[in-house]
Amino acid sequence: MRPTKESATVSTSQASGVVGEVVPPPLDPTTEILRVEDLTVRFPTDDGMVHAVRGVSYALHPREVLGIVGESGSGKSVSSMAVMGLLPRSAKIGGRVLFRGDDVLRMRPDQQRSLRGRKIGMIFQDAMTALNPVLSIGAQLVEAVRSHEHISHTAALLRAQEMLDLVGIPQAKDRLRSYPHEFSGGMRQRAMIAMAVINRPDVIFADEPTTALDVTVQAQILDTLLAVKDEVDAAIVFITHDLGVIASVADRVLVMYAGKPVETAGVDEIFAEPRMPYTAGLLGSMPTVDLIGERLRPIQGTPPSLINLPTGCPFRPRCPIAIDVCASAEPPLLETDRRGHTAACHRWEDVAGYDDATSMFRVEKGQTVGLVAEDTEDVELPEVRPEELGRDGGTTAGGPA
Amino acid sequence: MSVPTNMEPGRPGSGLSSGGLDPSDGRDVDGTAAAGLSIKARTQGELVLRRFVRHRGAMIGLLVFIAIIVLAVSSIGMGPIPGWWDKTFTTTGSVVDGGRPTLDPFPAFVDGDGFAVGESPFGQDSIGRDYFATTMRGAQQSLQIALLVGLVSTIVGTVVGSIAGYFGGLTENVLMRVVDVMITIPLLLLAAVVARSTDGSAPTLGLLLGIVVWTSLARLVRGEVLSIKEREFVEAARAMGANPFRIITRHILPNIISTIIVSATLTIAAAILLETALSFLGFGVQAPDTSLGKLISEYQTAFATRPWLFWFPGLMIIGIALSVNFIGDGLRDAFDPRQNKVRA
């Protein structure tokens with residue numbers, strides 16, 4: 001319905017797209033573990049209804065890593081909490097969350113509970129606060145097992161030891177008796193991962209699992225997470241605001257802004273050729289190795305209030321290429337010129353027209369796109385990631401040792 | 001307790017495929033890590049115990065309390081335990097020397113007569129019963145009641161408080177309004193009415209007083225649960241699929257056990273005094289059995305002429321209440337993480 005540069009590749013299935021409606025490409029339901037359809041979350045507050053999540057849809061396949069990126073308040077954490085059933089009772093949740101075909105949101109609380117921890121695991125950002133300070137690591141792992149299975153304490157303890165081994169904690173047997181405060185930050189996060197996967201879940205929600213760690217430990221933890229994922233055959237929903245981390249772990253990326261996905265694509269496509277100005281802005285504001293000596297290109301302004309969203313595109317006030325239609329109609333998430341690459345932008349063709357889409361935020365010399373793409377092809381954790389170099393001032397000594 | 005445990009295991013890129021479940025890999029790291037672990041890590045429990053043992057008042061209190069229990073139980077015996085004292089609190093005899101105590105606590109170099117226990121060290125009452133045996137029986141009954149009150153009120157208070165705190169909403173409202181109502185009723189009056197409608201035996205009395213005095217602990221526990229349940233590890237437990245019962249018992253209560261233990265101890269001290277007051281008013285333990293409070297009440301008129309009938313049970317009450325209070329203080333200090341004066 002829109003003219004495109006390479007019209008041959010355009011999917012025609014989007015003609016029925018209702019404005020504001022998110023239509024993930026139809027997929028064989030037998031291969032999907034988790035399917036989220038038009039998930040909305042609203043919180044009543046004194047100031048009015050906060051529309052924290054305004055229609056998120058995605059499908060997750062076995063062993064896939066889906067990265068959800070967005071800045072604070074974009075709804076990325078809230079949407080996963082809604083899937084887990086962990087939101088406070090005051091939250092108003094809409095849409096459907098299908099786990100292997102069953103709608104999680106319409107399950108009885110005890111059915112939901114039997115999914116949590118057993119079929120859907122969760123890794124929290126700060127293991128220091130997410131682990132119980134007065135219980136030993138072993139006791140907490142045993143607790144995770146025995147919440148779902150009626151097995152003996154000894155058997156559960158043995159499983160706990162296996163898991164600590166699996167996540168790379170040395171002397172696992174002795175470490176079962178340790179308390180969280182006796183672990184270093186990285187080891188705590190390893191224990192947290194062990195706890196999330198001890199029941200061999202099909203889906204792991206990792207909510208900023210490396211944000212509280214320093215960069216070198218971060219790399220090790222991501223390594224561990226991916227290895228454990230393969231070991232237990234789980235898919236991961238990886239939530240972060242760190243594009244560098246996403247580049248190294250994700251297969252597909254979903255970019256969220258103001259409670260909505262604004263772009264989804266494979267990790268290579270989204271880093272190489274974003275189709276939405278916001279994504280381009282995020283990429284441009286990320287320090288990369290080839291930008292040394294150049295200014296970063298920040299996105300001006302702040303995200304809109306989720307209480308009174310203006311009509312039109314929520315990104316319009318900050319968008320350098322906004323036009324009149326952006327103020328009147330919110331663009332739906334539609335497939336672009338590439339299959340599986342969707343964007344919510346009236347002007348995605350124009351974004352595609354840029355050689356370097358990040359340059360729309362500040363036209364400067366230098367081409368950055370090529371290098372970023374090359375780097376992100378290496379989904380195995382690269383030895384040295386460019387954003388690390390940018391932060392460390394160019395040293396490479398900080399890599400996994 | 002500086003423990004050099006913050007060593008991130010070095011794992012160059014290889015990930016887990018090589019390490020994984022291979023025991024030889026773990027053993028290799030064992031050797032190097034064990035060398036660095038020369039200082040033993042102390043658990044929270046060990047730290048608490050250490051601080052408690054070093055609390056002088058608490059240790060003295062504990063010794064006194066244990067001594068009183070041992071004395072009260074072993075002297076005249078209790079249930080299957082045989083006593084070493086030759087008289088019982090029920091057998092009467094001839095009143096010797098107006099029932100004056102034969103106990104002479106001062107050794108020879110102080111008063112010349114020398115230390116002596118005599119036939120009836122605490123004296124005799126007006127019908128010639130041995131007052132030492134009577135006092136010991138009273139102490140037994142009072143202790144039994146106090147410990148039972150501590151136990152029952154702690155259980156009820158913890159259950160009510162944690163349910164109210166964790167579930168909130170209507171459950172919390174109903175439970176806490178019941179607590180409010182119970183608190184508005186004068187405790188002594190409530191206890192008197194409850195105690196009056198029973199047979200007046202020590203176990204019944206203990207149980208009944210227990211289900212009257214749990215209210216303050218319920219409020220305390222509710223407050224603690226309200227704050228703990230907002231912590232992230234409770235959310236993590238929910239994300240793990242633990243049910244509310246498991247979350248409360250395995251994740252929340254271990255975090256507030258210190259509050260509960262301290263409160264239980266102080267409740268025991270208060271229960272001793274409550275029982276004393278009740279028995280003094282005639283609502284507590286009923287004759288022919290006796291308790292410390294009942295003894296004081298019975299012989300209040302004899303205070304001017306035969307003061308020992310007042311003093312000995314009085315001293316026992318003070319001894320028990322004071323020692324338990326000291327233990328409670330010591331526990332509170334030991335559990336307080338800000339108490340870092342006594343360190344490893």
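**View 1. The hairpin of E9(A) and E10(A).** Strand E9 (residues 252–257) of chain A and E10(A) run antiparallel, joined by six bridges. This is a predicted model. Arg252(A) faces Gly266(A), a residue of E10(A). Two residues lie between the strands of the hairpin. Ala258(A) has a positive phi there, near 50°.

**View 2. Strand E10 (residues 260–266) of chain A and its cover.** Is E10(A) mostly covered or mostly open? Mostly covered: six of its seven residues are buried. E10(A) also pairs with strand E12 (residues 342–343) of chain A. That pairing is antiparallel and has two bridges. Here Glu263(A) stands opposite Ala343(A) of E12(A).

**View 3. The eight-stranded sheet of chain A.** The sheet is open, and its pairing is mixed. Which order do the strands take? Across the sheet they read E6-E7-E8-E3-E9-E10-E12-E11 (chain A). E6 and strand E11 (334–335) of chain A are the edge strands. Each of these two pairs on one side only. The E9(A) and E10(A) pair of View 1, with its six bridges, runs antiparallel.

View 4. Which residues cover each side? Val203(A), Phe205(A) and Asp207(A) are buried on one face. Ile204(A) and Ala206(A) are buried on the other. Strand E6 (residues 120–123) of chain A pairs with E7(A) in the parallel sense, over four bridges. Ile123(A) has Ala206(A) of E7(A) as its bridge partner.

**View 5. The β-α-β unit of E7(A), H8(A) and E8(A).** Helix H8 of chain A covers residues 215–232. Together with E7(A) and E8(A), H8(A) makes a right-handed β-α-β unit.

**View 6. The four-stranded sheet of chain A.** This open sheet has the order E2-E1-E4-E5 (chain A) and antiparallel pairing. Its edge strands are E2 (48–60) and E5 (102–103) of chain A. Each pairs on one side only. Strand E4 (residues 92–99) of chain A pairs with E5(A) in the antiparallel sense, over two bridges. Leu98(A) stands opposite Asp103(A) in E5(A). Helix H1 (residues 76–84) of chain A packs on the sheet. Which strands does H1(A) touch? Strand E1 (34–45), E2 and E4 of chain A. The direction of H1(A) makes about 110° with that of E1(A).

**View 7. Chain B, built from helices.** Chain B has 13 helices and zero strands. From the N terminus on, its elements run α-α-α-α-α-α-α-α-α-α-α-α-α. Of its 344 residues, 40% count as buried. Among contacts in chain B with a separation of 6 or more, 70% join residues 24 or more positions apart.

**View 8. Helix H5 (residues 131–167) of chain B.** How many residues of H5(B) are buried? The count is 31 of the 37, so the helix is largely enclosed by the rest of the structure. At 1.5 Å a residue, H5(B) should span 54 Å. Its end C-alpha atoms are 53 Å apart, which agrees. Gly168(B) follows H5(B) and has a positive phi, near 65°.

**View 9. Confidence in chain B.** The mean pLDDT of chain B is 76, and 76% of its residues reach 70 or more. Where in chain B is confidence lowest, and where is it highest? The lowest is in helix H1 (residues 23–36) of chain B, at a mean of 42. The highest is in helix H9 (residues 215–228) of chain B, at 92. Residues 1–38 of chain B have a pLDDT below 50. In the model this stretch has 61 contacts beyond near neighbours in sequence. Where pLDDT is low, the predicted coordinates should not be read in detail. The model as such scores ipTM 0.74 and pTM 0.73.

Key:
Residues numbered from 1 in each chain as written. Chains lettered and ligands numbered in written order. Predicted model: local features only at pLDDT ≥ 70, side-chain atom pairs only at ≥ 80, totals over all residues. Buried ≥ 20, exposed ≤ 12 C-beta atoms within 10 Å, placed from the backbone. Contact = placed C-beta atoms within 7 Å. Pairing = 2+ DSSP bridges. Axes fitted to C-alpha atoms, helices over the stretch in contact; angles between N-to-C directions. Right-handed = clockwise from strand over helix to strand, strands pointing away. Expected span 1.5 Å × (residues − 1). pLDDT = per-residue confidence, 0-100.
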